[in-house]
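Please look over the structure shown here before reading on.

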Amino acid sequence: MTNRLADATSPYLLQHKDNPVDWWPWCEEAFARARERDVPVLLSVGYSACHWCHVMAHESFEHEATAATMNADFVCVKVDREERPDVDAVYMDATQAMTGQGGWPMTCFLTPAGEPFYCGTYFPRAQFTALLDGVTRAWRERRAEVLRQGAEVVRAIAGREIDLPDLPVTADQLDAAVAVLGREYDADRGGFGGAPKFPPSMTLEFLLRAHARTGSDAALGMVQGTCEAMARGGMYDQLGGGFARYSVDANWVVPHFEKMLYDNALLLRAYAHWWRATGAPLARRVAGETAEFLLRDLRTAEGGFAAALDADTDGVEGATYVWTPAQLVDVLGPADGAWAAELLSVTEAGTFEHGASTLQLRRDPDDTDRWRDVRSRLFAARASRPQPGRDDKIVASWNGLAVAALAEAGALLGEPAYVAAARDAVELLRRVHLRDGRLLRTSRDGVTGAHAAVLDDHGNLAEGLLALYAVTGDASYVEFARDLLDAVLDRFARVGGGFYDTAADGEALVVRPRDPTDGATPSGTSAAADALLGYAALTGSSRHRDAAAAALRLYGQLASRAPRFAGWGLAVAEALVDGPVEVAVVGAPDDPRRAGLHEVAVRANRPGAVVAVGAPGDDGVPLLDGRGLVDGRPAAYVCRGFVCERPVTEPEELAATLAATV
């Protein structure tokens, strides 16, 4: 028999539909049932690619006696953190406040009013069953104390709301952020901090923009050192492209093997921009391979991009990806097997578990044809192994990140298939994720979930739409972005500047979440500021520009104190400090001279440059208004605040104008 999760659209919830636990999805009915039964709520939050979530499920949620205790003494609620980031954010704050740390699976005990009174993460079954007994006894015997604890936790997390000083971000502060990052940079191994090491994609974007503005060798050096170290190590899939979630060691050797859409979208963009800035062959190769991974392994039948690939294969982490020397010989033969083992750092001792090794490519092979053949054969052999599960729900926010990355990579690398895939994803989101004019966060197999989009869905999707417009000139993407950003200003704005992460008319939680710091993805605030600033540059809207500038004032103090937690916000601030530069390219769509100007505009290494492209007389985007041909030739106008330099008609002139406009 299945439980109430059988009707879910979330693959993570569906993984638990056959549990003997009487799970509820997050809903008011679950809390009403807790009030009726006079029992606490047991909230379990996780996601499908989470290794320890699977472990706790096997140990406890599939165990009949443990499930019986849970059912008898609690109303049990299961939440996919990717589907409900608002719920996750509130109770993760509570978990961190209580324990000093957080993670998934997250286990919280709540009053029927939703107030958390005990929180933790993964519990082995023996510890978990003891905890269930202790919480039940406390609820029955010390109710007043439990209720007081819950109310105090809510007050505490409400008081923990990050309220940063109102401090405009200046060029000097951005320079100070680069200096702070330089002190935190791991010069020997790339990246920042020690193990575990996460890919600092948004910090890399900030550093690339800082280098473009200042010419800082230090900023570019941190990008190059980190990008090369990540791409050479085991965190990067040397056979199939794409990046795992993080490295468990400081040398990027052993990954946590889950592959997330958001990581790969952000890193694809970072590597494409690294290539734009330097022409580094490694940057181009990794950008192309990562884009191919997205199209091959994460693209869904409906045209969107799936959320993740699991860390585990048949319950074993990394089983699909690791190799022994003997396995290489089995596939390649003795000569090529030994050559590949040396090239890919596969040893008898192993770099992972049970004598197996992750694949590293610490140097480019001298014989590229041989490597191409070996890589192809190993990839084919790996494809015959059991494969990790795929969480194929579509998350609006992360698809927005993928749209931006694929659009820009397609334009920069000359790969129209990437741009076409970005278009397809947008059409899916437009067709499926809009209901009564409002954006929904997730869908699966063309069916939307019931949950409203949060701030980062609106911001990241709007920014992706503007990036796609810059590449294609299709003004309908700007119109779509306008609708999303109007919703941001009308329903998410906070008095005094910045935004809440949930809409004013959305579901009320015990605390309305608001966190401007960047984590694994851009925060809702920095994502919204990015899109608002870009839209203002295309349209001249002071309302949108003022809202972006007000939101970015939250990053003034973070710039000098904690820039690693504000990478995307600081990248957007770089664009604001730079203007941003606006480039309007006008000409007939089939005129190759327009294409030449457009290519230079898209490749401009300027912080957050905004590009509009259209035919003379196009009225869909105000930046194009009044921008005509010059002596009958396509022309490009370089502007700030709609005040433009003399128009140019040659690509070389445009490149020189962009380089000189500082």
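## Residues with a positive phi

Histidine 354 counts as exposed, at 80% relative accessibility, where exposed means over 50% relative accessible area, buried means under 20%, and partly exposed lies in between, with a 1.4 Å probe and protein chains only. Histidine 354 has a positive phi of about 60°, although it is not a glycine, and it is found in the loop between α14 (334-343) and α15 (368-383). Helices (H or I, at least four residues) and strands (E, at least two) are DSSP runs, numbered from the N terminus.

Aspartate 314, also not a glycine, has a positive phi of about 50°. Its place is in the loop between β10 (312-313) and β11 (316-317), and at 69% relative accessibility aspartate 314 counts as exposed. As background, most residues other than glycine have a negative phi, and most peptide bonds are trans.

## How the model is to be read

This is a predicted model, in which local features need pLDDT of at least 70 and side-chain atom pairs count only at pLDDT 80 or more, while totals for chains, interfaces and linings use all residues. Residues are numbered from 1 along each chain as its sequence is written, and side-chain values use heavy atoms, with hydrogens and water left out.

## Cis peptide bonds

Tryptophan 104 and proline 105 are joined by a cis peptide bond, with omega about 5°, and proline 105 sits in the loop between α5 (85-99) and β4 (106-110). The peptide bond from glycine 579 to proline 580 is cis as well, with omega near -10°; the place of proline 580 is in the loop between α23 (567-578) and β17 (582-586).

## Cysteines in disulfides

A search of the whole structure finds 2 disulfides, a disulfide being a pair of cysteine sulfur atoms within 2.5 Å. In one of them, cysteine 50 and cysteine 53 have their sulfur atoms 2.4 Å apart, and the torsion about their S-S bond is about 80°, so this disulfide is right-handed. Cysteine 50 is buried, with a relative accessible area of 4%, and cysteine 53 is buried at 2%.

Cysteine 639 and cysteine 644 also form a disulfide, with their sulfur atoms 2.0 Å apart. Its torsion about the S-S bond is about 90°, so it is right-handed. Cysteine 639 is buried, with a relative accessible area of 2%, whereas cysteine 644 counts as partly exposed at 26%.

At 1% relative accessibility, cysteine 76 counts as buried.
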